[in-house]
Structures are given as structure tokens and as C-alpha cells.
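Trainee: Hi! Could you walk me through a structure today?
Mentor: Happy to, let's open one up.
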Amino acid sequence: MSVESIESEVVVVGAGLAGLSAARELKRLGVDVTVVEARDRVGGRTLNEPIGGGEIVELGGQWVGPGQDHVLALIRELGLETFPTWCEGRNVFERGGKARTYSGTIPKLNPVSLAEVGVALKRLERMAAKVDVEQPWTQTELARWDAETFATWARRNAKTPAARDLLRLAIQAVWAAEPEDVSLLHALFYVRSSGGSLEKMLDAEGGAQDSRVVGGTQLISERMAAELGDAVHLGHPVRSVRWRQMPGDVGEALVEVGPHPVTVEADGLTVSARAAVIALPPAVAGRLDYDPIMPSVRDGLTQRMVQGTVVKCHAIYSEPFWRAEGLSGQATSADGPVSVTFDNSPPSGSPGVLLAFLEGNAARNATDLPAEERQRIVLDCLVRLFGSRAAQPEHFVDKAWAVDEFARGCYGGYLPTGAWLTYGAGLRAPVGPLHWAGAETATVNAGYMDGAISSGIRAATEIAGGVDR
Ligand SMILES: Cc1cc2nc3c(=O)[nH]c(=O)nc-3n(C[C@H](O)[C@H](O)[C@H](O)COP(=O)(O)OP(=O)(O)OC[C@H]3O[C@@H](n4cnc5c(N)ncnc54)[C@H](O)[C@@H]3O)c2cc1C
């Protein structure tokens, strides 16, 4: 294979929201930038899938909500619009083989369980307020929260099975993982980073699932890539990164050493640059071959930051039939394997689209099944939740992110016990001329599209501070 060689001031690895935001910001600051992307498309963990009639469904990230200022501003800047998530009507909650309807965020449980969930959510908010999102790894006083999983905390703080089930569903919905997987400190970091309230993170109206982007969120990346033009190189998986140690501080990196301390080697393309932004999920960044190898804190971090496991499924019907029955299309099932559903119809309301998530263990069990088998188990659930009409969609589209070569899981990375305090410092600190971006590295709305965008801008600013011109 012939290999093209490019010299650039800065190379960005990954054309998701973080990489493209970094490149856009660098360009705005007058820095020459080259973006190298493995796939033949931009957008990374956002992905539009056409479903006919000019409509799409989003197989990756889709919702935006209040407090997500970076993504909302970018949507406006790029001439895109949002519309409210379809959520009028009653929600469905299924547990122990019984489906009941309710309104609001928290399903109707027996009063004791409901009280337990309410108290647990308040406690979590109070604890989250103590986490320093900039550098939780310095908070040795929080070591006991990093030493236990969310599951052990939930067992102490919720005694009734129904309350425990609801807390499990909340963890699955936010991290696509099980409460046993996630460090309590990680959960608290995330809650704080997202504004301080787990309940808001689960809400549609006024919460993290408030609105969607007309035409789909992948348009955000496509429009940024169009602005960057020839600077974006698609279809070149990066395999290795050779870099030279910098003398002096990070800010001096671009000034002090020779012209090309970084060489990024991709299939068919080599880019030499004065600095790099690696805008990949940490678990994916850890699979690149670094020469010299990363400091142990960085290498240890990328070994420990696990990607969640989710299968995002869409059943597409000629019309949103559930609305006629007064249902919102939103359902939560403790019986599974589908944990949560939403009405994901386009702004026109037609066709009718039910979105169903398999998360955590349910996704782990379903990812390697044949596609028809996955479809069958999802439709069986939708029938229990919405009746027999759910059995016959016109189309069914899903994506199992754990077997996506360039994501290795979703929604994003989380830390198990013991990792924040020991390896957290490796998350964002530049290593010589290498700077890290990506949703996981954000301090505000970490793990969300909003965090991905702000992380790219932060990495660009770190680098531009050192440009000698
Ligand atoms: C199913 C699902 C639902 C979600 N729902 C929401 C939601 O509703 N709201 C929300 O805010 N967020 C949501 N998210 C999370 C959100 O999509 C991500 O946080 C965000 O898109 C991450 O952007 P990023 O740029 O940090 O990473 P990515 O999008 O992962 O970008 C990394 C890029 O690097 C590329 N790459 C990987 N390896 C290499 C390599 N070796 N060489 C070159 N390029 C490489 C990838 O192809 C990709 O383009 C969801 C994610 C998923 C998957």
C-alpha cells in the first residue's frame, strides 16, 4: 500500500465531536491542523441511519438538554435546530411480570420503596456535591467511595427489592453497565459533572433527554468536517504514535523542540506534527502503539477505563400507535432484557419509532447473538410493554456498539473501584506533545456529546498556548 506523508503543525486523531471541535478551534486560532480518522465517515459515536422517506434514526448519541451549553451553542452556530423529545402521555413500568402506567420520572412503587429511592437520590446528590470534577484523584478523603461499587452502596441504602431494581435501572441507563461494575466515586463524579442530580440525568423534559437535533446529531460532525475541508482524512486507522519527550513545560512544547516531535502512523498515511490531540475513548487510545510507551499512570488508566455495553434498537412502525392509547412510548422494565424505551419518531411524528435499549448485562448477553435473535427478544419485550401491535414493525435497525472496532463499547468509559484515586491523573494530563480529548476527559457533562465538544476546545487551547508565531 502506498503511504502518503503530510507535515502539519498539529495532528488530531479521531473525527468524532471531540476531535473535530479541537481541529475547528485550532483552525480558528490560526494553527495548521490535519485530522486522521479510521472510519470512512465522521461523527464517531454519533451515527445517522436512513430509514426511508428522507428520515433517519440515530444509532449513537442523540439527546441534548439544559446545562449542555457547548453542544447547544454549536448546534446553533452550525445552523441546526432542536425539537423536544416526544414524551406526552403516560409511561409504562414493568416489574414482576406486571406492567403499569405512571407519569413523571419515577415509576409508582409501593410507598416504602418509593421513599427509599427518594432518600437515596438525595443522598447521592449530597455526596456528589463533594466531588471535585477537575481532579477527583487528589481527594484522598473520598477513598472509601472509590473502594466500593455502586451496588454495595445501594444494598446498604435501599432495603426493598423494588428500590434496588430502580437504582439498578438508573445505573444501566446512564453507564450501560451494572451497579457492580462502577466505582461509587465514579458514579458521584459523573452526577456532579452532569449538574448534580441523577434524577435530571434520567429526565426527558428539562433533563438530559430533553431534546433532539432535527436531521440527527451526526450532522453536527458533518458540518464541522465540511468547514475543515481537505484537513480531514477519512479511512486511515492510526496504528502507532512516535513521540519525543519535551524539555520544559507543556506550554513550551511547540516552541522548544525540533519541528516534528510527533509522527502518527496510520494505514496509508503518515503525519508528522509538532503536537497531537488524541481524541479517542481512553480504552481505544490505549490500543495504539506508543513509542516510547506511555507513563505508567496513563497506561494504567487506559487499561482500567472500561467501555459500557449497549445495543441501541429501533422498531419502526407506519404510525406511533401507542399515542392513541395515551402512552408516551417511554417505558422502563425491571424484567428486561430491554431496560428503557422512548418514542423516537422524527419531528413530523411519522413514521412511529420505538427506541429500545439493551444495556449492561442484557447487552453483553445479546451482542453476539444473530441479528434476528436480538430482534426477536427486543420485540417480545415491546409487545409486553405496548401490546401486540409492537410485534410487527416495518423495519428494525440496531447497533451493538461493543463490536464496533473503533468504539469497543458505549455510551462511554467508566472506572471500576480503586482506579480514580490511583490512575485518574492519567486521564487528561498531556504526555509531552500528546494531548488527550474525548467525552471521557471532560469535567462538565463528562461522557456526553457536550463534554466531547468542550474537551476538544480545551485540548486545542492547551496546544495553541505553545505555538510560536
Ligand atoms: C448508543 C449511544 C447513545 C448515546 N446517547 C447519548 C445521548 O443521548 N446524549 C449524549 O450527549 N451522548 C450520548 N452518547 C455519548 C456520545 O455519543 C459520546 O459521548 C460522544 O459522541 C463521544 O465523542 P468523542 O469525540 O469523544 O468520541 P468518538 O465519537 O468515539 O470519536 C472518536 C473517533 O475516533 C475514531 N477512531 C477510533 N480509533 C481510531 C484510530 N485508531 N485511528 C483513527 N481514528 C480512530 C472513531 O472512529 C471516532 O470517529 C451516546 C453514545 C452511544 C453510542
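Trainee: Where does Arg-408 lie?
Mentor: Arg-408 is in the loop between S19 and S20. Keep in mind that this is a predicted model.

Trainee: What is the phi of Arg-408?
Mentor: Arg-408 is not a glycine, yet its phi is positive, about 60°. Most residues other than glycine have a negative phi, and most peptide bonds are trans.

Trainee: And how many other C-beta atoms lie within 10 Å of Arg-408?
Mentor: There are 19 of them, so Arg-408 is partly exposed. A residue needs 20 or more to be called buried.

Trainee: Which peptide bond is cis in that loop?
Mentor: The one from Cys-410 to Tyr-411 is cis, with omega near 0°. Tyr-411 lies in the loop between strand S19 (395-400) and strand S20 (413-414). The bond from Ser-350 to Pro-351 is cis too, and its omega is also near 0°. Pro-351 sits in the loop between strand S17 (338-343) and strand S18 (352-359).

Trainee: Let's switch to the ligand. Which residues are the closest?
Mentor: Gly-14, Gly-16, Gly-44, Gly-61 and Cys-410 are the closest, out of 39 residues that surround the ligand.

Trainee: How do the shell residues divide into nonpolar, polar and charged?
Mentor: The shell around the ligand has 23 nonpolar, 11 polar and five charged residues. Helix H1 (17-28), strand S15 (310-317) and H16 each supply at least two residues of that shell.

Trainee: Which domains does the ligand lie between?
Mentor: It lies between domain 1 and domain 2, because both give residues to the shell around it. The chain also has a domain 3, which covers 110-194.

Trainee: How far apart are the C-alpha centres of domain 1 and domain 3?
Mentor: Those centres lie 33 Å apart. The contact takes five residues from domain 1 and five residues from domain 3. On the domain 1 side, two of the touching residues are nonpolar, three are polar and none is charged.

Trainee: Back to H1. Is it enclosed or open, and why?
Mentor: H1 is largely enclosed by the rest of the structure, because 10 of its 12 residues are buried. Among the buried ones are Leu-17, Ala-18 and Arg-24. The buried residues of H1 pack against strand S1 (4-13), strand S2 (33-36), helix H9 (218-228), strand S12 (269-278) and H16.

Trainee: What comes after H1, with a positive phi?
Mentor: Gly-30 follows H1, and its phi is near 85°.

Trainee: What does Ala-439 touch?
Mentor: Leaving out residues up to four places away in sequence, its contacts include Ala-18, Gly-412, Tyr-448 and Ser-455. Ala-18 is one of the buried residues of H1. Ala-439 itself is buried, since 28 other C-beta atoms lie within 10 Å. Ala-439 is in the loop between strand S21 (434-436) and helix H16 (449-464).

Trainee: Which residue in that loop has a positive phi?
Mentor: Asn-445, which is in the loop between S21 and H16, has a phi near 55°. Asn-445 is buried, with 27 other C-beta atoms within 10 Å.

Trainee: Last one: where does pLDDT stay under 50?
Mentor: It stays under 50 over residues 249-257. Where pLDDT is low, the predicted coordinates should not be read in detail. For the protein chain, the mean pLDDT is 95, and 96% of the residues reach 70 or more.

Notes
Residues are numbered from 1 along each chain as its sequence is written. This is a predicted model: local features need pLDDT of at least 70, side-chain atom pairs count only at pLDDT 80 or more; totals for chains, interfaces and linings use all residues. Domain bounds come from an automatic or database domain assignment. Two residues are in contact if their C-beta atoms, placed from the backbone, lie within 7 Å. Ala, Val, Leu, Ile, Met, Phe, Trp, Tyr, Cys and Pro count as nonpolar, Asp, Glu, Lys and Arg as charged, and the others, Gly among them, as polar. pLDDT is the predictor's confidence in each residue, from 0 to 100. Helices (H or I, at least four residues) and strands (E, at least two) are DSSP runs, numbered from the N terminus. A residue is near a molecule or strand if its C-beta atom, placed from the backbone, lies within 6 Å of it.
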